[in-house]
Structure formats: C-alpha cells, structure tokens
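Student: Hi! Could you help me make sense of this model?

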Amino acid sequence: MVTRRVAEALLRAAARRWPVALRDDLRREWTAELHVLAEAGQRVRMLRFAASLATSRAAAPLVDRTVWRRQVRRTAAALLLAPPACVAIVAVALFAMATVHGALELRFGWAQRLQLPLFSMLCAGLGVLLAVVVARAARHAVRVGPPATAVGVGLAVAITVVPAEVALLDDARQLARVLPGVLVWLAGLTLALWAAATLARRGRLRLAWTVGVLAAFAAADVAVVATVVAAIPPIDPGQPVTELPPDGVDRISAPLWLLTCWTDWSFGFPRPTDWERFLITDLVLVEPNFYLACTPYALTWAIRTARAEPAAPATTAQAMA
Amino acid sequence: MRMTIPVAKVLAALLAEPDAARYGLDLMKATGLPSGTLYPVLHRLQDAGWLDADWEEVDPATAGRPARRYYRLTAEGVTAARQALAELRALTPKAGPALGGPAGAPAW
C-alpha cells in the first residue's frame, strides 16, 4: 500500500512536468499500468516505473507562437462575444414574441398564454444555435484545466450580464432585488461547468453532459428561488381576506418557479396560482431566459475544450530520449 | 523524425507485430527501455503521425482495473518506420544486436 502511494505520488510529480493538455491522459495511462504491476505484486517495478517517469525529461511540445497567438485570440473572441450574443438572443426573442403576440392577440384568446413559452423556446433554440457555433470555435481554443475553463466562462458571462442588468433596471431598488439571484446563478453555473469539464477530461462525455445540464438547471432554479424568496413575502395565513389575492407566494411550489417562468404554467399543481405566477414572472421575466440562452454554449465550451484531443498541432522538442 | 537508439528500439518492437495493440509495459519489456525514456518517444511518434493511441474499451468496474492505453502504428508509420530502420541498418550493419531486441528476434 505504501509502495503504491509513493509510486502514485511520483506519477503525479512526473505528470506535472508534461504540458497541461497531456497531463490527465498521461496520469490515467500510467495509473492503469501501475495497477497492472500492483496486481502482479511487482513493487520494485512499480517504483522503478514511476521514478523513471518522475526523473526523466518530458517531451515538451514546442507550440508555434503564431499558432498559439491565434488560439488565444480565438479563445478570447469566443469567450467575450458569446455572452453579448446571449443578450442579443434574449432581445431578439422578446421582439419576436411581442410581434407574434401582437398579430394573434385580437384573434385568439390563447395568445396571452403563448407569450412566455414562445419566448423561452426562442431563447433555447437560438441558444443551441449559438452553442453549435461555439463548438466549432472550441476546437481551436487554448486548453486549460477545468477550474480555469469554468471560471473563464463564468467571468466572461459576469462582465456582460451585470452591466446589462444595470442598464436594463435603472431603478436601484429593483436591481438590488434581482442582482443577487444572478450572482447565485453565476456561481452555480461555474460549479456546473467545472464538474462537466472535469468529467469530460476523464473521457466521461455522456456523464459530463448529464451532470452539466442537471447542475446548470439546479443553478438556475436556485437563482430564481433565491430572488423570489428575497423579494416576495410568503403567504400569511392570518392575513385578512380581501377581494384581491395576497401579495405573497407560497414557498411550497418553489422548485417549480423556474419552469413556471419559462412556461407560465403550474403543471397541473394547485400552486403557484395564477396570481403567484404573475408576481414571480413580474419579478424575474428576463433572467430565466437569459440562463436558458447561455447554458448551451457555456456547457458546450467547457466540455469541448476539456476533451482529450489536443487543440492544435504541436511539434515535439528535438531534444529527446 | 530524428532517429535515436530508443526510437529505433520502439519502432522495431512495434514492427514485430504491426497490427497488434501494444501497451506501455509491453513495450518497456520488448525494448528494455525505462518508462521515462519510452513515453517521450511514444509521444514523439504520435506527434509525427506514425503512431495511434487509443483507450482500451473495457468497463473498469467489470474488469476490476482501469482502462489501459494502447498503441499501434499507423499505415504511414509502418512504411516510414520500415524505411527509417532500413536506412539505419544500412548505416550500421553490425549494430543490430547491440540495440537489444527481443530474444531470438532481430533488433529491428
């Protein structure tokens, strides 16, 4: 057991001497070989295997600086342009929704109920299209570790969405009600991307997508719940009954609030009621759909850049062996 | 591709069975090279497009061990390796045994 731990520590040290893009695969490969030796009880060979890797010269690829600069430019362009594209998607979807609703509202009674689902579908559809474009850009991106990838995407979204919220909500009180929820979402999204990128780097692509989508959904849901809970009081059972429904939202339906924001529907449950849905969507109308527009590209970027293929051709150092 | 003795040893071992998938430990055994020499050579051959690396398709939970990475010469690699070794052999006709191929087999 001690021998194996020592050997594993040596392998970790050896991997650190290789380029970042290769480290995870190499460590995985060496660990598998170490396992074979351990199963055979060849402790000395285990140590020799690991020590030789830890003390020998690594094959450092010398990346062409022109290629590297081009990669950096492409990475920066993709990371910085995608979030404003998401803002544009939300704006286009809002405009399209308003146009369609304007054309239908006088002829069809259900046109009112169509607004939010249409808005959400447009945001999701355009968000997926953006993800397809971003997936192409990700093939030529600079590869860094999962934490840096996640934080990079999170920061790029933050420097777009926060000023956008400030511009959209010029009322400071309204901004104070909404911004904490957005920050919660950003933190949750960053964690989701981190998890997805880590799994993708280990070759678990399907799991990376599953975990990424679920975690991003949870982040958006928590963000909406946090915003609503902080801004709208719960229903007070002792409140005197008036003709108007109380300006409160029962917390029992909290997990549904994100879906309610996207669909304007309670999925057959008694809560949220029509009035509660109105209060929720009046408070957070745009943000849930911004989350919907952003998530596909963010996940795509994190997973594609974390995958095992090298991002660009590299030439190996001449001094070898 | 700069031809060195370790590179030649690895190519010779791979050419012994060009279609076979070879793991790192197998190649260490076949060439007598330590891991610290072998893996940079394998990496260099991959960069040159002479070698393909793939992960073994095995469920770690079922197999009770992690998937291993195996190497196989590409079509281009087989041709280039044969040519490179032939040129090397022509230069040093008596150097073969000194490179230490597998027992009973030519060094490359």
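**Strands, helices and a contact**

Student: Let's start with pairing. Which residue in β3(B) is the bridge partner of B:Tyr23?
Tutor: The partner of B:Tyr23 is B:Tyr70, which lies in β3(B). Strands here are DSSP runs of E, at least two residues long, and helices are runs of H or I, at least four long, numbered from the N terminus. This is a predicted model, in which local features need pLDDT of at least 70 and side-chain atom pairs need 80 or more, while totals for chains, interfaces and linings use all residues. Residues are numbered from 1 along each chain as its sequence is written, with chains lettered from A and ligands numbered from 1 in written order.

Student: And how many bridges join β1 to β3(B)?
Tutor: There are 2 bridges between β1 (residues 22-23) of chain B and β3(B), and the strands run antiparallel. Strands pair if DSSP finds at least two bridges between them. β2 (residues 51-55) of chain B pairs with β3(B) over 5 bridges, again antiparallel, and there B:Asp54 stands opposite B:Tyr70.

Student: Which residues of β3 are on its covered face?
Tutor: In β3 (residues 69-73) of chain B, the covered face has B:Arg69, B:Tyr71 and B:Leu73. B:Tyr70 and B:Arg72 form the uncovered face.

Student: Let me zoom out. What pattern does chain B follow?
Tutor: Along the sequence, chain B reads α-β-α-α-β-α-β-α, with 5 helices and 3 strands. Of its 108 residues, 37% are buried. A residue is buried with 20 or more other C-beta atoms within 10 Å of its own, exposed with 12 or fewer, and partly exposed in between, with C-beta atoms placed from the backbone.

Student: OK, now α2(B). How many of its residues are buried?
Tutor: Of the 8 residues in α2(B), 6 are buried: B:Gly24, B:Leu25, B:Leu27, B:Met28, B:Ala30 and B:Thr31.

Student: What covers them?
Tutor: The cover includes α1, β1 and α3 of chain B, along with α2 (20-39) of chain A. After α2(B) comes B:Gly32, with a positive phi near 75°.

Student: New topic: at what angle do α6 and α7 of chain A cross?
Tutor: The axes of α6 (residues 146-168) and α7 (residues 172-201) of chain A come within 8 Å and cross at roughly 160°. That makes α6(A) roughly antiparallel to α7(A). By class, their contact has 18 nonpolar, 4 polar and 2 charged residues.

Student: And how do α5 and α11 of chain A cross?
Tutor: Those axes, for α5 (residues 111-138) and α11 (residues 287-306) of chain A, come within 8 Å and cross at roughly 20°. The two helices are therefore roughly parallel. For these labels, under 35 degrees is roughly parallel, over 145 roughly antiparallel, 65 to 115 roughly perpendicular and the rest oblique.

Definitions and conventions:
Axes fitted to C-alpha atoms, helices over the stretch in contact; angles between N-to-C directions. Nonpolar A, V, L, I, M, F, W, Y, C, P; charged D, E, K, R; others polar. Contact = placed C-beta atoms within 7 Å.
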